[in-house]
Each structure stands twice: as C-alpha cells, then as structure tokens.
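Please read it alongside the sequence and the coordinates.

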Amino acid sequence: MAAARSRDRHGRGMRGPLAWPRVPVMVSRRERFDEAVLDAVAEFERRWGSPLPELEVAVQDVPASDPHPWEQGVALGRLFPAERGARARMVIYRLPVEARAADPSEVATVVHEVVVEQLATMLGVDPEDFL
C-alpha cells in the first residue's frame, strides 16, 4: 500500500486549488442582477404574507423586438399569464433595467419596482401598496 503523496512528480509541493474562494468582487453584473430579482420576489412574498402562486421568474438580456400594443417605449419586464397548464411567467429584462438605473447601486431599487409592478398586476392589487 503506497503512502499518500505529499509532493508531485517533480519534487515540488502539491498544487493548491485552481480557483480561489468566491469573493464579492468576483460576482458578475449578471449574477448580481439575478440575485436582485430573487430578493425582490422574496420581499414581495414576505409583504404579501404567502408564497406566490405557480410562477416562473426569468431574466433575459433584452425584450423581443415585437412589443405588446399597450407598451410604450422599451419594456423593463413582462408578465405572461398562465395558460393551458403552463405556469404564469414573469420576465425581467436586464439591460433596459440597468440602463434606467442612474448608477449600479440603484439597479436593485429599479428591479424591485419592476417586480412589484408585474406581481401586483398579476394579483390584481395596487403596486403602491407594496412600494
């Protein structure tokens, strides 16, 4: 039975891990945006007092080029109602939201407003009650 090797074949010490532990600086803008969306949904659920009904939450970079007739300008988010066994789906568009925010620290605030607006529309309540 061979003893555990403490050195590699060239006589040097064993290599360390290839990737260091994650630190906040290593989190990408996309990952921070995704976390902001999930935090906004969790905050809404906490204020609403119950988990949301069957709902998929998604993030896309940009909206499709065919806006709905009632949308003015660039959409920041869309709500697709449940139909034919499919769950309702809320999509938040990352690049338009980031462009709307004055600086990176304001992105979470804009995300929260968009999520609350979409969820309030889905539940048929006034968005002002949750802001």
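Arginine 94 touches Arg29, Arg30, Phe33, Val59, Gln60 and Asp61, leaving aside residues up to four places away in sequence, where contact means heavy atoms within 4.5 Å. This is a predicted model, in which local features need pLDDT of at least 70 and side-chain atom pairs count only at pLDDT 80 or more, while totals for chains, interfaces and linings use all residues. Residues are numbered from 1 along each chain as its sequence is written, and side-chain values use heavy atoms, with hydrogens and water left out.

**Arginine 94**
- Arginine 94 belongs to helix α2 (residues 94-100); helices (H or I, at least four residues) and strands (E, at least two) are DSSP runs, numbered from the N terminus.
- Because its relative accessibility is 7%, arginine 94 counts as buried, a class that means under 20% relative accessible area, with exposed being over 50% and partly exposed in between (1.4 Å probe, protein chains only).

**The sheet**
- Three strands form an open sheet in the order β1-β3-β2, with mixed pairing, two strands being paired if DSSP finds at least two bridges between them.
- β1 (55-60) and β2 (77-80) stand at the edges with a single partner strand each, so one side of each has no neighbour in the sheet.
- Strand β3 (residues 88-93) runs parallel to β1 and is joined to it by six bridges, and methionine 90 in β3 is the bridge partner of valine 57.

**Helix α1 and its packing**
- Helix α1 (residues 29-48) lies across β1 and β3 and runs at about 150° to β1, with axes taken as lines fitted to C-alpha atoms, for helices over the stretch in contact, and angles running from 0 to 180 degrees between N-to-C directions.
- α1 packs against helix α3 (residues 107-123) at an angle of about 50°, the axes being 9 Å apart.
- That makes α1 oblique to α3, since angles under 35 degrees count as roughly parallel, over 145 as roughly antiparallel, 65 to 115 as roughly perpendicular and the rest as oblique.
- The residues making this contact include Phe33, Ala36 and Trp48 of α1 and Val111, His112 and Leu123 of α3.

**Valine 41**
- Valine 41 lies in helix α1 and, with a relative accessible area of 10%, is buried.
- Its contacts, not counting residues up to four places away in sequence, are Leu52, Val57, Met90 and Val115.
- Valine 41 and histidine 112 are separated by 71 residues in sequence and by 7.9 Å in space, C-alpha to C-alpha.
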